[in-house]
Amino acid sequence: KRAGTHVLKWRLSFYADIPLKIRKSKQGHVSVGAFGRLDVPLVAATVLKPIFEQHNIDKTYVLYTDTDVIFARDWPAHNQLTVCRGCPRGWPNPKCCKHPLKDDEPAVFLAGTEVFSIWGLNSGVMYMNVPRMLADRGNLLDWGNEKAWQFMMYDQGMLETFYRQKVRAEELRRDKAPFRDVSEGNWHAWESFDDLKYNARGFMRVPPEQPYLWHWHGFKPYDV
């Protein structure tokens, strides 16, 4: 607050949906807290809406990051972001991740990859399409309830399994939103960006230029 940052009090909107066993587990504060990023579009569309309007800030896209990040440079404007396209086997790498982001992208969200699974998702840094994720919210929470909230890597696994379903492509086609052809390898409804630019981690090779953001991706409380 002293730095002029907006500090919001927010309780997870679907807290009661998460089974008591998970909420009361040894790492419950971690596992339940991780799902909090799924509320970001809702926060942006409600609590933050008047603040965005007051400062004439576009409410369509918002950036979410974990707390274990450091911004090395100012995050780029929407039309300066780049996205991965046509990567071999669908695996992002700097050579195929230089395509400018279009005005109506991402259709769902932009995110980087997981270090132990390059074809997977890392939800620590996400550039979210607020209206799209709000539209998907009901189905996403139903997916969590259907699976009893048992996902590898908590919300990350939930997002990955939900947005790998081919029905997501049908929904995007219906809404005339952009999406990659489902015949492509490693298909998913979200778009990937270059980790070395937007989600750099200290154990990666040295990037050719200073990344916009370093994500420490470090030890969790139960590792200490």
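These are legends for a few views of one predicted model.

View 1. Helices (H or I, at least four residues) and strands (E, at least two) are DSSP runs, numbered from the N terminus.

**View 2. The disulfide of C84 and C97.** A disulfide here is a pair of cysteine sulfur atoms within 2.5 Å, and this pair sits at 2.0 Å. Both C84 and C97 lie in the loop between β3 (82–83) and β4 (99–100), 13 residues apart. The link is right-handed, with 100° about the S-S bond. C84 is buried at 6% relative accessibility, and C97 is buried at 1%; buried means under 20% relative accessible area (1.4 Å probe, protein chains only).

**View 3. The disulfide of C87 and C96.** Here the sulfurs are 2.0 Å apart, and the link is right-handed with 100° about the S-S bond. C87 and C96 are both buried. Number the bonded cysteines in sequence order and you get the pairing 1-4, 2-3.

**Notes on the model.** Residues are numbered from 1 along each chain as its sequence is written, and side-chain values use heavy atoms, leaving out hydrogens and water. Local features need pLDDT of at least 70, side-chain atom pairs count only at pLDDT 80 or more, and totals for chains, interfaces and linings use all residues.

Key
Buried < 20%, exposed > 50% of the residue type's maximum accessible area, 1.4 Å probe, protein only.
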